[in-house]
Protein chains: 2
Amino acid sequence: MKKRGHAAQPSLSCSPSGSGESDLRPVEGEVADQELATLTKALGHPARVQIMRLLVRRETCVCGDIVDELPLAQSTVSQHLKVLKEAGLIKGEIDGPRVCYCVEPRTLRRLKSLVGSL
Amino acid sequence: MKKRGHAAQPSLSCSPSGSGESDLRPVEGEVADQELATLTKALGHPARVQIMRLLVRRETCVCGDIVDELPLAQSTVSQHLKVLKEAGLIKGEIDGPRVCYCVEPRTLRRLKSLVGSL
DNA sequence: TCTGCGTATCGTAATCTAACGATAGGCGGA
DNA sequence: TCCGCCTATCGTTAGATTACGATACGCAGA
């Protein structure tokens with residue numbers, strides 16, 4: 001947990017935008033099943049759950065601090081971030097020398113709908 | 001999808017009981033994270049999502065018909081059932097010569113709470 | 001331009017997963 | 001008792017996942 005001292009500025013390049021529009025896609029059927037499987041699979045690892053919690057808690061973006069919060073090597077964390085990003089659960093924006101991650105509210109809402117449909 | 005002709009009797013040996021009591025366990029923290037990871041991992045496969053849907057749709061138990069509904073070998077389906085059972089998402093009761101599966105409402109509710117806490 | 005910091009990617013090894021066929025076990029009916 | 005059906009388990013193979021260190025890349029400041 002070594003500090004790096006740049007967590008103060010909340011450069012919210014990715015805003016909590018789009019927190020209102022509803023999702024018209026169906027929550028059942030073959031496509032929805034595949035989607036639910038993909039999303040839950042992406043979330044199906046303790047490290048990735050932890051990352052999601054980090055990003056949800058602080059609503060602003062979180063930059064490289066994520067690595068400091070997990071007991072994993074930098075390259076491993078980067079891979080987990082990639083999995084979440086490919087599933088559409090998070091989004092990464094380049095902010096100068098570093099990258100800022102934040103949740104993708106649309107996808108998270110979608111996941112909740114799909115799980116809720118069970 | 002070959003029929004086997006015993007889907008008529010709805011022998012509900014596992015009732016939709018316990019659909020009311022609330023869950024007092026926390027939805028955050030290390031234990032909850034691990035739990036969420038385990039549950040989502042168990043659900044993170046199209047075949048298992050499909051099985052869950054089957055069991056949720058018909059509220060009664062579903063016996064061996066599950067194999068007929070999926071394009072997989074019997075042994076493979078049995079393994080997926082085992083994964084879901086070990087995660088606590090479903091329950092299997094022996095009903096004479098066959099086994100009846102049904103969802104475990106408590107765990108399903110728990111999953112929804114955990115996902116909802118994100 | 002050069003250096004340093006933060007991140008992604010590569011390469012690799014160990015482990016886990018998914019799928020199948022074959023086989024074992026348990027119960028009910030003949 | 002024996003036979004047949006249904007399910008679980010075993011053994012195996014191919015492929016995916018997880019983790020790490022090493023390395024490459026890109027941007028800002030000296």
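1. Angles under 35 degrees count as roughly parallel, over 145 as roughly antiparallel, 65 to 115 as roughly perpendicular and the rest as oblique.

2. A word on the model: it is predicted, with local features needing pLDDT of at least 70 and side-chain atom pairs pLDDT 80 or more, while totals for chains, interfaces and linings use all residues. Residues are numbered from 1 along each chain as its sequence is written, chains are lettered from A, and side-chain values use heavy atoms, without hydrogens or water.

3. Chain A has 5 helices and 2 strands, in the order α-α-α-α-β-β-α. Helices are DSSP runs of H or I with at least four residues, and strands are E runs of at least two, numbered from the N terminus.

4. Helix α1 (residues 30–43) and helix α5 (residues 105–116) of chain A have axes that come within 10 Å and cross at roughly 115 degrees, so α1(A) and α5(A) are roughly perpendicular to each other. On the α1(A) side the contact (heavy atoms within 4.5 Å) includes Leu36(A) and Leu39(A), and on the α5(A) side Leu111(A) and Leu114(A). The contact residues divide into 7 nonpolar, 2 polar and 2 charged. Here Ala, Val, Leu, Ile, Met, Phe, Trp, Tyr, Cys and Pro count as nonpolar, Asp, Glu, Lys and Arg as charged, and the others as polar.

5. For the chain as a whole, 39% of the 118 residues in chain A are buried, meaning under 20% relative accessible area with a 1.4 Å probe. Of the contacts in chain A with a separation of 6 or more, 64% join residues 24 or more positions apart.

Key: Axes are lines fitted to C-alpha atoms, for helices over the stretch in contact, and angles run from 0 to 180 degrees between N-to-C directions. Buried means under 20% relative accessible area, exposed over 50%, partly exposed in between (1.4 Å probe, protein chains only).
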